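Dear colleague,

I am handing over the structure below, and my notes on it follow directly after. Please read them with the coordinates open.

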Amino acid sequence: MTTTAQPVARKTRHRVKVSRIVFGVIAIILALIWVFPVYWMLSSSLLPNVILTSSTPRFFPWGGSLDNYKAVMQGGTFLKALWMSLQVTLLSVVVAILFAFLAALAISRFKFRGRKGFVLAILFIQMLPAEGLFIAQYKMMSSVHLLNTVIGVSILYIAAVVPFTIWMLRGFVAGIPAELEESAQVDGCTPAGAFFRITFPLLAPGLVASGVYAFLQAWNEFTIALVILQREDMRTLPLWLRTFITASQARETDWGAVMAASTLVAIPVIIFFLLVQGRLTSGLVAGAVKG
Amino acid sequence: MASAHSDVTTIHVGGAAAPPVARRRKVRLAPYLLILPAIIMLLLAMGYPLGWQIWASFMKFGLKQQFGAPPDFVGLANYVTIFTDSTVWGVVGRSLLFCIVNAVLTVVIGVALALLMNAVNKAIRLILQIALLLAWAMPVVAAMTVWIWLFDWRRGVINYVLTSMGFNFSNYVWLGTAMGLYFVATVVVVWMSVPFVAFSIYAGLTQVSEEVMEAASLDGATSFKRFTSIIVPMIRPVLMIVALLQIIWDLRVFTQIRMLQDSQMPLDSDLLGTYIYRLGVSSGDFSMASALSIFVLILTIVFSIAYVLQLVKEDS
């Protein structure tokens, strides 16, 4: 029995080893393919246009400089768009997190009639695409004169991120046992005091994670911004970035500048995303991150 | 809907007015006050537009209405147009096809990458994961500019690489035809969406126990057999949800198509999102734009039901 089993085992082990190497090589090739566009953005952003438009592409940014970044920054429109994006994002994140936090408290700490209907409504609303509502939202904003305003676009962003943020925070609030608060009250805390001293600090990671989620959504959003912010001086960063492409219809594109601009928009997003991705991937609820 | 519930309950509770109930009433009101801001926000930014859109989809906006006349009621005529007008139906058909092709490609490649992550050693897995994460983290608009640059007809790397491999792609204009545009859009959408699928499925795969797999292979199961009869059933719930989300997301694709149209704008390249935008914002045909939007929303809800029910189960 053992004599026949042994060579078979050795053979499979050998085959496993070979296939491991093959799979390893394939994995590295795929990793290179997936990372290449990101690398190409960085590399092109460092090179002058003379090199970028030569007939053979330069695959490494030898002789690169930060000139493209300087040109983009000095253009003046970047800082304006950055300021616009900061206002919209900040307003959306703060209000959305506040409202979502209150609602998350309600559905994870209270049993009330209509709770199930509320949860169900939120989950469905969360799935609704901006592309299915933006014409009516545009009409509404135009009738109340909120087109081309920070408030107008922020209201739509808040409503877009609140449902998923409620759902996300609900998990965090539910994870903190209510007994902790109760025992603090037994020890003489007021209900509010117990909440702010015990539950609130424990919630911090949840608030940060959902805040980052809301940030990513508002910072990257394109569709609603395109409809609501049509005036040139009210553009957020994604709209500003797009103008580099539309301008190229008229003249030769300055790809170095486009890539520098893209890098400037992408870097904060990549940093924040990497910070929270573990939480976003664990549990499929994270799905909605794609926007 | 939720707010209607809350009104009913507050009235109901308020009806009982004995002193010991007063405190109970305060406690009872708290959850409704807590969800109120969120509900107001949603009604304002989504409820009202949704109601308006349903109303507008039964109307006809013409030249008269631009001078202030109320729109005419036309019943289901706009919805009939979706299925009878060849232009509109063409857009719907293309969108559905684009959605299915992209969702299938994304899920298949995502599952393959997840299996690959499972099959390689830790260091290589980490390299692959970092590459996927970077692609996932890229903002859509930034990703689009890079891909447009990569596919640029004059100096794009893709034409250069294909030409140097022996195919004649020099000065090939990818974005000049609708098919070319869809091809580029598919490449970008798949590139962006695969990481989410790969990570989700990989998380599911790590739940499959080593012992079961080993036992199966000792019993003579081929790797294909092990995949179909052990791995697939184990990751089935995750797989279903991920596939569903891909379908929903790919149906509403807008940014990618819109940005690709920016550089060349071939005729007839519109999908649902860009077509609704063109109708509503550029042509002022609000009734048709609304009817198509409602159509998209209904499709989305139909696809979402399974996913939402899964989440509700998790809640209780």
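Two residues are taken to be in contact if their C-beta atoms, placed from the backbone, lie within 7 Å. By that rule, and leaving aside its neighbours within four places in sequence, Ala198(B) is in contact with Gly110(B), Leu113(B), Ala114(B), Met117(B) and Leu132(B).

Before going further, please note that this is a predicted model, in which local features need pLDDT of at least 70 and side-chain atom pairs count only at pLDDT 80 or more, while totals for chains, interfaces and linings use all residues. Residues are numbered from 1 along each chain as its sequence is written, and chains are lettered from A and ligands numbered from 1 in the order in which they are written.

On confidence, the model scores ipTM 0.86 and pTM 0.86. For chain B the mean pLDDT (the predictor's confidence in each residue, from 0 to 100) is 85, and 88% of its residues reach 70 or more. Residues 1–23 of chain B call for care, as pLDDT stays under 50 over them, and the model has 23 contacts beyond four places in sequence for this stretch.

Chain B has 14 helices and two strands, and 42% of its 316 residues count as buried. Among its contacts between residues at least 6 apart in sequence, 67% join residues at least 24 apart. In helix H7 (residues 140–150) of chain B, eleven of the eleven residues are buried, including Trp147(B) and Trp149(B).

Turning to the interface, 83 residues of chain A are in contact with 86 residues of chain B. The largest share of the chain A side, 15 residues, comes from H1(A). By class, that side has 60 nonpolar, 17 polar and six charged residues, where Ala, Val, Leu, Ile, Met, Phe, Trp, Tyr, Cys and Pro count as nonpolar, Asp, Glu, Lys and Arg as charged, and the others, Gly among them, as polar.

Within chain A, an automatic or database domain assignment gives domain 1 (2–52) and domain 2 (73–290). Eight residues of domain 1 are in contact with seven residues of domain 2, and H1(A) gives the most to the domain 1 side, with four residues.

Finally, two backbone details may deserve a look. Asn148(A), in the loop between H6 and H7 of chain A, has a positive phi of about 60° although it is not a glycine; Asn148(A) is partly exposed, with 17 other C-beta atoms within 10 Å. Asn171(B), in the loop between helix H8 (157–164) and H9 of chain B, has a positive phi near 60°, and with 11 C-beta neighbours inside 10 Å it counts as exposed.

With best regards

Technical notes:
A residue is buried if 20 or more other C-beta atoms lie within 10 Å of its own, exposed if 12 or fewer, and partly exposed in between; C-beta atoms are placed from the backbone.
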